[in-house]
Amino acid sequence: MKVLITGGSGLIGTRITQLLQEKNIEVVHLSRSPSSKFGIKVYKWDWKKEEIDEACFNGVTDIIHLAGAGIADKPWTMSRKHTIIKSRVETANLIFKTLKKLNHSLNAYISASGIGYYGAITTAKVFKEADEPHNDFIAKSCIYWEKSADQFSDISSRVVKLRTGVVLDKNSGALAKMDKTVKYGIGAPIGTGKQAMPWIHLDDMAQLYLDILLDNSFNGVYNAVAPEKVDNEAVTKAIAKALNRKLFLPNVPAFVLRTIYGELSDIVLKGSHVSAEKLLNAGFEFEFPKLDEALKDIYK
Ligand SMILES: NC(=O)c1ccc[n+]([C@@H]2O[C@H](COP(=O)([O-])OP(=O)(O)OC[C@H]3O[C@@H](n4cnc5c(N)ncnc54)[C@H](OP(=O)(O)O)[C@@H]3O)[C@@H](O)[C@H]2O)c1
């Protein structure tokens, strides 16, 4: 087995790389700006110029596609929306086209996707993999992202797509932003606080990618979320508890976020629960099924 990770320099890719190295599985990265951070071979690509170092595919049996412009990094201007979609879809297309040209087949193509597939909406429904997608920007992005993965069924024995919830880690991602406000004593739930916030511990996220690589029975789409369902208020309270801080401010009004972030604010102001049942039935064992335990581990 030799695994190629796109966007492997990011939060999830870094942890997967460490896990693969611990298991002595060969791993290489594709990056826009290769560095020697991991002591592995990192190849360069530039999807805007349709350039890719074809040597990156030498001996590769499996690909994990994580690359993509940060969804919540900048306000969703029209140009940012294009970048969010193209950096995921055109990168996948470039890999596919190159592998076809090289007549190179794969054991597995595993692509990140998001729970945004079900839309930035608040409903009582608990979404499952067979549910229809929503029709807002974030859902459409996930639809295009997943379609770009589906084409790999032509050259890969398996195509797996992970509709990922908020990945929890101390140093980056959503939790790092949320816990800063709690640490500074200005933490508070956002909007009504009742919007669902499907989540997964970074270690479970990385272990899931590893299990999928090693277990051929994983195929198709899975919600990558922990089984415990919580809302924004519960997460904020759990962070305060884990950090031994008090929350005393009223909720941050929705209009404040809307004014600052525009449409992007929808992904924090709205949210529905997502089911982990398919993943559990597939035999995945969460190390951190409960939020309190996950946060205890993260802040230990
Ligand atoms: N973290 C979460 O909570 C979460 C939740 C749902 C879905 N996901 C998805 O899972 C994937 C991995 O997540 P992550 O948290 O590890 O992401 P991340 O830390 O933002 O890393 C993504 C990587 O993608 C590459 N990248 C960034 N902008 C790019 C662009 N414009 N064009 C091409 N490549 C670009 C970068 O690698 P180089 O600089 O080396 O090129 C970056 O390290 C992402 O697609 C993300 O949307 C993450």
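## A bridge to start with

Which side chain does Lys128 meet in a salt bridge? The partner is Glu277, with 3.2 Å from N to O. Please keep in mind as you read that this is a predicted model.

This pair links distant parts of the chain. Lys128 sits in the loop between β7 (126-127) and α3, while Glu277 belongs to helix α9, 149 residues apart from its partner. Lys128 is partly exposed, at 38% relative accessibility, and Glu277 is also partly exposed, at 42%.

You will find Ser275 in the loop between β12 (273-274) and α9 (277-281). With a relative accessibility of 6%, Ser275 is buried, because the cut-off for that label is under 20%. Leaving aside residues up to four places away in sequence, Ser275 touches Val126, Phe127, Lys128, Glu129, Asn223 and Val225.

## The sheet and the helices across it

Let us turn to the strands. Eight of them make an open sheet with mixed pairing, in the order β4-β3-β2-β1-β5-β6-β8-β11. At the edges are β4 (51-52) and β11 (220-224), each of which pairs on one side only. Within the sheet, β1 (residues 2-6) and β2 (residues 26-31) run parallel and pair over 5 bridges. Here Lys2 stands opposite Glu26 of β2.

Helix α3 lies across β5 (62-65), β6, β8 and β11, and runs at about 180 degrees to β6. Helix α5 (residues 202-214) lies across β1, β5, β6, β8 and β11, at about 165 degrees to β8.

## Aromatic pairs and charges over rings

The model has 7 aromatic pairs. In one of them, the ring centres of Tyr109 and Phe152 are 3.6 Å apart and the planes meet at 5 degrees, so this pair is stacked. The two residues come from distant parts of the chain, 43 residues apart: Tyr109 is in strand β6 (residues 106-114), and Phe152 is in the loop between α3 (137-150) and β8 (156-164). Both Tyr109 and Phe152 are buried. Another pair, Tyr117 and Tyr118, is edge-to-face, with 5.4 Å from centre to centre and 85 degrees between the planes. Tyr117 is buried at 12% relative accessible area, and Tyr118 is buried at 2%. Ring pairs also join Phe96, Tyr109 and Phe152 into a cluster.

Charged side chains visit rings as well. Arg88 lies over the face of Trp145, 4.6 Å from the ring centre. Lys278 is placed over the face of Tyr222, at 4.6 Å from the ring centre.

## Helix α6 and its partners

Helix α6 covers residues 232-242, and its buried residues are Asn232, Glu233, Val235, Thr236, Ala238, Ile239 and Ala240. These buried residues pack against α4 (174-183) and α10 (291-298).

Asp292 is in helix α10 and Lys241 in helix α6, 51 residues apart. Asp292 is partly exposed, with 41% relative accessible area, whereas Lys241 is exposed at 61%. Further salt bridges with shared partners join Lys194, Glu233 and Lys237 into one network.

## More on salt bridges

How many salt bridges does the structure hold? The count is 17. One of them joins Lys100 and Asp154, whose closest N and O atoms are 2.8 Å apart. Lys100 is in helix α2 and Asp154 in the loop between α3 and β8, 54 residues apart, which again links distant parts of the chain. Lys100 is partly exposed, with a relative accessible area of 43%.

## Two asparagines with positive phi

Most residues other than glycine have a negative phi. Asn103 has a positive phi of about 55 degrees although it is not a glycine. Its place is the loop between α2 (78-102) and β6, and Asn103 is exposed, at 72% relative accessible area.

Asn244 has a positive phi too, of about 60 degrees. This residue follows α6 and lies in the loop between α6 and α7 (254-261). Asn244 is exposed, at 72% relative accessibility.

Key. Residues numbered from 1 in each chain as written. Predicted model: local features only at pLDDT ≥ 70, side-chain atom pairs only at ≥ 80, totals over all residues. Heavy atoms only, no water. Phe/Tyr/Trp six-rings, centres within 6.5 Å; stacked < 30°, edge-to-face > 60°. Helix = DSSP H or I, 4+ residues; strand = E, 2+ residues; numbered from the N terminus. Buried < 20%, exposed > 50% of the residue type's maximum accessible area, 1.4 Å probe, protein only. Lys NZ or Arg CZ within 6 Å of the ring centre and 35° of its normal. Contact = heavy atoms within 4.5 Å. Pairing = 2+ DSSP bridges. Axes fitted to C-alpha atoms, helices over the stretch in contact; angles between N-to-C directions. Salt bridge = Lys/Arg side-chain N within 4 Å of Asp/Glu carboxyl O.
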